[in-house]
Amino acid sequence: DAPRDQICLSCHDEYQKTADWLMSQTKHRPQVAIICGSGLGMLADTLKCQDSFAYSDIPGFPQSTVQGHAGRLVFGELKGKTCVCMQGRFHMYEGHSLCKTTFPVRVFKLMGVETLIVTNAAGSLADGLQPGDIMVIKDHVNFPGLVGLNPLCGPNDDKFGPRFPAMSGCYDKGLRCVAMEIAKQLGVASLVQEGVYAMVGGPNFESIAEARLLHRLGVDAVGMSTAPEVVVATHCGLRVFGLSLITNKVVKSYEDSDSVNHEGVLEIGRLRSHTVQQLVTELVSRMEINNNNTNNAV
Ligand SMILES: O=P(O)(O)O[C@H]1O[C@H](CO)[C@@H](O)[C@H]1O
Ligand SMILES: Nc1nc2[nH]cnc2c(=O)[nH]1
């Protein structure tokens, strides 16, 4: 493979080209971007006045190769806000460079997006988190990033953000508070709680020893995505909200004969899609875009 900085330089030239191409193809100028996790692509179906594009038609976009990730970029209106929704995201384990995995985030920034909503399917390590629950992400542990597998490695593009961006508070507290309030009002408070998400490289699921290690480290849910997108979004100043749909209990006991598979992950996505859709839709409706008004809105 080309050295990492070469990959970054090739992405560097592509961001604006892709943003310009998309802005020539749709009149929508999105304020909110939504990245749909495994089995959560239905979030895009709620958008009105849609313009949608196959990833394969978008210059510079990688291709989705995972079942449950359609590979379409959908622009439209949701509760008065212009949104862009990724039906299908990119994962490091597919073989994409981290620049390509996070490529859409900077394109969205160049198109004027101010808030990023990331969703994913994750396995639960916390005893109180059951399959079908929704975890509002309070913070993440980016394991690949801790060993240098980071989309910001290579020459820093000062146009987007600083060389050394802070990550404390990268999951906006205001949005998290409103999400918890919405859960109560929707009558699903019992399904929704905050927690810490850990990203591992994948594509294998955890061994029991790995599950026990992650649990000991205080991780509540584990997946194979999201953290790189959030790092890049925070670097370029986007406000971030994240949620994990808990699709399985990670096996932590050598006595437990259960094992996890992707089909089961997608099944929970189908089961909970309506609730996730309601929560995200209501959150978007309460967002004040580029406005200092703080009354009941974020
Ligand atoms: O994180 P998302 O894209 O939701 O997908 C999660 O589900 C898949 C495994 O079933 C992995 O890709 C994991 O990351
Ligand atoms: N790493 C990981 N990713 C997941 N995505 C959905 N469930 C899981 C899981 O148990 N582990």
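Author: What follows sets values against definitions.

Author: This is a predicted model, in which local features need pLDDT of at least 70, side-chain atom pairs count only at pLDDT 80 or more, and totals for chains, interfaces and linings use all residues. Residues are numbered from 1 along each chain as written, chains are lettered from A and ligands numbered from 1 in written order, and side-chain values use heavy atoms, without hydrogens and water.

Reader: What makes helix 7 largely enclosed?

Author: Buried means under 20% relative accessible area; exposed is over 50%, and partly exposed lies in between (1.4 Å probe, protein chains only). Nine of the nine residues of helix 7 (residues 227-235) are buried, so helix 7 is largely enclosed by the rest of the structure. Among them are Glu229, Thr234 and His235. Gly237 follows helix 7, with a positive phi near 85 degrees.

Reader: How do you know on which side of helix 6 the buried residues lie?

Author: Ile208, Ala211 and Leu214 are buried in helix 6 (residues 208-216). They cover an arc of only 125 degrees around the axis, so they sit on the same side of helix 6. The arc is taken from the directions from the helix axis to the C-beta atoms.

Reader: What do the buried residues of helix 6 pack against?

Author: They pack against helix 4 (143-146), strand 7 (192-199) and strand 8 (221-223). Contact means heavy atoms within 4.5 Å.

Reader: What makes strand 5 and strand 9 a pair?

Author: Two strands pair if DSSP finds at least two bridges between them. Strand 5 (residues 115-124) and strand 9 have ten, in the parallel sense. Ala122 stands opposite Ile246 in strand 9. Strand 6 (residues 134-142) pairs with strand 9 in the antiparallel sense, over three bridges. There, Val136 stands opposite Leu243. Strand 9 (residues 239-249) is mostly covered, with nine of its eleven residues buried.

Reader: Which residues are closest to ligand 1?

Author: His91, Tyr93, Ala121, Ser225 and His262 are the closest of the 13 residues that surround ligand 1. A residue is near a molecule or strand if one of its heavy atoms lies within 4 Å.

Reader: What makes the approach of Tyr93 to ligand 1 a polar contact?

Author: A polar contact is a pair of N or O atoms within 3.5 Å. A polar side-chain atom of Tyr93 lies 2.5 Å from an oxygen atom of ligand 1. The Arg89 side chain has an N or O atom 2.9 Å from a ligand 1 oxygen.

Conventions
Helix = DSSP H or I, 4+ residues; strand = E, 2+ residues; numbered from the N terminus. Polar contact = N/O pair within 3.5 Å; in protein donor to acceptor, adjacent residues only side chain to side chain.
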